[in-house]
Amino acid sequence: MSRPLCPLVFEPVYKNYIWGGDWIIRKYGRSAPPGIYAESWEVSDREDGMSVVRGGPMAGVSLCDAIGEWGVGLLGSRAGGLRFPLLIKLIDSRERLSVQVHPDDASAARHGGEAKTEMWYVLDAAPGAGVFAGLKPGVDASAFRRAMEEKRFREILTRVPVKAGDAIFIPGGLVHAIDAGCLLLEVQQNSNTTYRIYDWDRVGPDGQPRPLHIAEAMKVIRWDLGDAARVAPKDLPAAGGNARALVVESPYFRVEKFALSRPQDVSGDGGSFQVLFVISGAARIAWDGLSEALPAGTSCLVPASLRGVKLESAAPGAEMARITLP
């Protein structure tokens with residue numbers, strides 16, 4: 001007999017990539033030894049970074065095992081299988097990330113790898129921060145190769161200045177790079193396929209240049225995508241008296257944000273799980289006579305079939321992101 005459904009909060013899985021810092025730890029007051037925390041994998045069903053429940057009746061259970069126990073009750077009928085279809089991360093770009101590209105569904109089917117469409121919600125940004133999202137108009141394969149040979153990538157990439165509250169959508173096949181000074185919430189397909197095109201002449205911890213994947217990248221770049229503009233959130237009807245906005249909707253995920261000024265019903269609808277991320281302030285989630293505090297920077301997975309779930313503000317200015325399947 002499976003245990004009763006409940007919301008799940010996981011231990012972060014940290015990645016110490018060379019371009020990262022400790023912004024995630026400092027901003028959200030997380031207890032961690034000194035080090036590099038480039039990424040925090042918040043909700044992950046991957047062997048190279050599996051989420052494990054932090055506390056409560058499911059403490060110590062992996063996300064994979066929770067799916068095995070609860071199945072569609074956790075994931076929802078729209079998940080299309082028994083693997084968590086997304087990967088939710090926090091990213092700290094103390095330094096500029098490499099120029100890279102990921103395959104989309106079509107190119108992954110043709111050439112291998114895992115398809116990856118993603119979006120970035122800017123949680124914080126240093127003055128002058130930005131991202132590179134797409135190629136400038138007129139850049140084709142020939143111009144791209146010349147830029148690679150001459151190391152003129154800065155000239156052919158579209159740089160988008162960003163500030164807290166901005167969002168950028170990166171479909172598979174779009175050349176991109178996160179510039180220095182960004183703290184991001186990333187929502188993506190469950191993939192870790194990245195083709196590195198240019199690394200700004202940087203060397204890895206071993207003193208050697210990190211590997212590039214030019215041949216693979218050239219097969220999956222979509223030259224028809226051009227550059228990508230900042231996503232403009234669209235106001236939605238208020239829910240429970242709380243203002244809402246649609247940040248991004250794609251075939252793979254839907255991201256909303258809302259101000260939590262009044263109690264909010266976040267019961268599952270059976271179709272999709274919900275991942276709730278506390279952007280600012282603090283919240284408390286309650287269900288079946290139980291409750292759990294959600295301070296800023298916390299991610300919480302609400303099973304698709306869990307009813308009677310309430311979310312309340314625990315500090316002024318509570319703002320939430322809600323991630324579901326479309």
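## Basis of the model

The model is predicted, so local features need pLDDT of at least 70 and side-chain atom pairs count only at pLDDT 80 or more, while totals for chains, interfaces and linings use all residues. Residues are numbered from 1 along each chain as its sequence is written, and side-chain values use heavy atoms, with hydrogens and water left out.

## Overall form

The protein contains 7 helices and 20 strands. Helices (H or I, at least four residues) and strands (E, at least two) are DSSP runs, numbered from the N terminus. The C-alpha atoms fill a box of roughly 65 × 40 × 40 Å along the principal axes. The radius of gyration is 20 Å, which agrees with the value near 20 Å for a compact globule of 326 residues. This radius is taken over C-alpha atoms, and the globule rule is 2.2 Å times the number of residues to the power 0.38.

Of the 326 residues, 55% count as buried. Buried means under 20% relative accessible area, exposed means over 50%, and partly exposed lies in between (1.4 Å probe, protein chains only). Contact means heavy atoms within 4.5 Å. Among contacts between residues at least 6 apart in sequence, 74% join residues at least 24 apart.

## Surface and charge

The protein exposes about 13500 Å², of which carbon and sulfur atoms supply 52%. Accessible areas come from the Shrake-Rupley method with a 1.4 Å probe; for residues, only the protein chains shown count as cover.

There are 37 positive and 38 negative side chains, and the centres of the two sets lie 3 Å apart. Lys and Arg count as positive and Asp and Glu as negative, whereas His and the chain ends are not counted. The place of a charge is taken as NZ of Lys, CZ of Arg, CG of Asp or CD of Glu.

In helix H2 (residues 63–70), the residues Leu63, Ala66, Ile67 and Trp70 are buried. Seen down the axis of H2, these buried residues fall within an arc of 100°, so they line one face of the helix. The arc is that of the directions from the helix axis to the C-beta atoms. The buried residues of H2 pack against strand E2 (39–43), helix H3 (72–75) and strand E19 (299–302). Just after H2, Gly71 has a positive phi of about 55°.

Helix H5 (residues 141–150) has Ala143, Phe144, Ala147 and Met148 as its buried residues. Down the axis of H5, they fall within an arc of 140° and so line one face of the helix. Their packing partners are strand E6 (130–135), helix H6 (153–156), E11 and H7.

Ser107 belongs to helix H4 (residues 105–111). With 1% relative accessibility, Ser107 counts as buried. Leaving aside neighbours within four places in sequence, Ser107 is in contact with Gly112, Lys219 and Val220.

## Residues in loops

Trp223 lies in the loop between helix H7 (214–220) and strand E12 (230–231). Trp223 counts as partly exposed because its relative accessibility is 30%. Apart from neighbours within four places in sequence, Trp223 is in contact with Leu135, Val139, Asp140, Ala141, Phe144 and Met218.

Trp200, in the loop between strand E11 (195–198) and H7, has a positive phi of about 60° although it is not a glycine. Asp288, in the loop between strand E17 (274–287) and strand E18 (290–295), has a positive phi near 50° and is likewise a residue other than glycine. At 69% relative accessibility, Asp288 counts as exposed.
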